[in-house]
Amino acid sequence: MIAKAIHKLAFILMLLAAVSLTLMMIQTTVDVVLDNLFGAPIEGNLEIISAYHMVLVVFLPLAYVELRHEHISADLLVRILPRTLQRGIYVFGGLVSCFFFGVLAWQTALDAIDSYQIDEVIMGSVYVTIWPAKMSLPIGFTAILLAVLHNMWRAVTEADFDPAPESPDVDIV
């Protein structure tokens, strides 16, 4: 039940990031077309893309990537160790990750609340309110914290748990 909720949350956040990426591409294309054809680019385009789209694209899919075990890992030496030791190292790494993601979730939540309270903006060609984008950081960090906890639980309770990503079924010619 909890595992399904974590997977669903991670998937929804990944979809939101995909929507944001799509909107960023459309917005950039429209901006270039308007600038080249009419000499009138979208006001504040750079600020909106950097403050909103890029932040959402980077932080929201973190949990989805963690659940798929697709984060970068250097496990060449760990792979030659016995399975029990591999799982122990994985759980230790998970504990360290939980600490850091917990601290990041807490601090970015405090920062987002402060940003909301002062109605923080960035100045460029236009003023852009940034507190809504700042809310995505604690959401992303909390989601990956839950995903790491879920994977750690699986590493402890499932004898066949393997943190390696699934191999893509690609035929190499």
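In the predicted model, the largest nonpolar core comprises 14 residues, and the members that touch the most others are Cys98, Phe101, Phe141, Ile144, Val148 and Met152. Two elements, H4 and H6, each give two or more residues to this core. Helix H6 provides the largest share, with seven residues. Apart from this core lies another, made up of nine residues, including Ala10, Leu60, Leu67 and Ala143. Ile144, named above among the core members with the most such partners, touches Leu62, Ala63, Glu66, His71 and Phe101 when residues up to four places away in sequence are not counted.

Helix H6 spans residues 136-157, and Ser136 lies within this helix. The relative accessible area of Ser136 is 4%; because this value is under 20%, the residue is classed as buried. A polar atom of the Ser136 side chain lies 2.6 Å from the backbone oxygen of Ala133. When neighbours within four places in sequence are left aside, Ser136 is in contact with Val55, Leu56, Phe59 and Leu60.

The segment after H6 contains Phe161. With a relative accessible area of 2%, Phe161 is likewise buried, because the value falls under 20%. Phe161 and Asn151 are separated by 10 residues in sequence, and their C-alpha atoms are 8.8 Å apart in space. Asn151 is also one of the residues in contact with Phe161 once neighbours within four places are set aside; the others are His69, Arg83, Tyr90, Arg154 and Ala155.

His69, one of the contact partners of Phe161, is found in the loop between H3 and H4. The relative accessibility of His69 is 13%, so the residue counts as buried under the 20% cut-off. Most residues other than glycine have a negative phi. His69, although not a glycine, has a positive phi of about 60°. A positive phi, of about 50°, is also found at Asp119, which is not a glycine either. Asp119 is located in the loop between H4 and strand E1, the latter covering residues 121-123. The relative accessible area of Asp119 is 44%; this residue is therefore partly exposed, because the value lies between 20% and 50%.

The largest pocket has a volume of about 690 Å³. Its lining consists of 29 residues, and those nearest the centre of the pocket are Glu66, Ile72, Ser73, Tyr90 and Pro163. Tyr90 is also in contact with Phe161, and Glu66 is touched by Ile144. Three helices, H3 (62-67), H4 (83-118) and H6, each supply at least two residues of this lining. The largest share comes from H4, which contributes 11 residues. Divided by class, the lining of the largest pocket contains 16 nonpolar, seven polar and six charged residues.

The second largest pocket has a volume of about 180 Å³. This pocket is lined by 11 residues, and Leu67, Arg68, His69, Glu70 and Glu166 lie nearest its centre. The lining of the second largest pocket comprises three nonpolar, four polar and four charged residues.

Definitions and conventions: Residues are numbered from 1 along each chain as its sequence is written. This is a predicted model: local features need pLDDT of at least 70, side-chain atom pairs count only at pLDDT 80 or more; totals for chains, interfaces and linings use all residues. Side-chain values use heavy atoms; hydrogens and water are left out. Helices (H or I, at least four residues) and strands (E, at least two) are DSSP runs, numbered from the N terminus. Buried means under 20% relative accessible area, exposed over 50%, partly exposed in between (1.4 Å probe, protein chains only). A polar contact is a pair of N or O atoms within 3.5 Å; within protein, one must be able to donate a hydrogen and the other to accept it, and residues adjacent in sequence count only if both atoms are side-chain atoms. Contact means heavy atoms within 4.5 Å. On a 1 Å grid over the protein atoms alone, a cavity is a set of points where a 1.4 Å probe fits but cannot get out, and a pocket is an open set with protein on both sides within 12 Å along at least five of seven lines; lining residues have an atom within 4 Å of a point. Grid points are joined across faces, edges and corners, and a volume is the space filled by probe spheres set on the points. Ala, Val, Leu, Ile, Met, Phe, Trp, Tyr, Cys and Pro count as nonpolar, Asp, Glu, Lys and Arg as charged, and the others, Gly among them, as polar. A nonpolar core is a set of buried Ala, Val, Leu, Ile, Met, Phe, Trp, Tyr and Cys residues joined through side-chain atoms within 4.5 Å.
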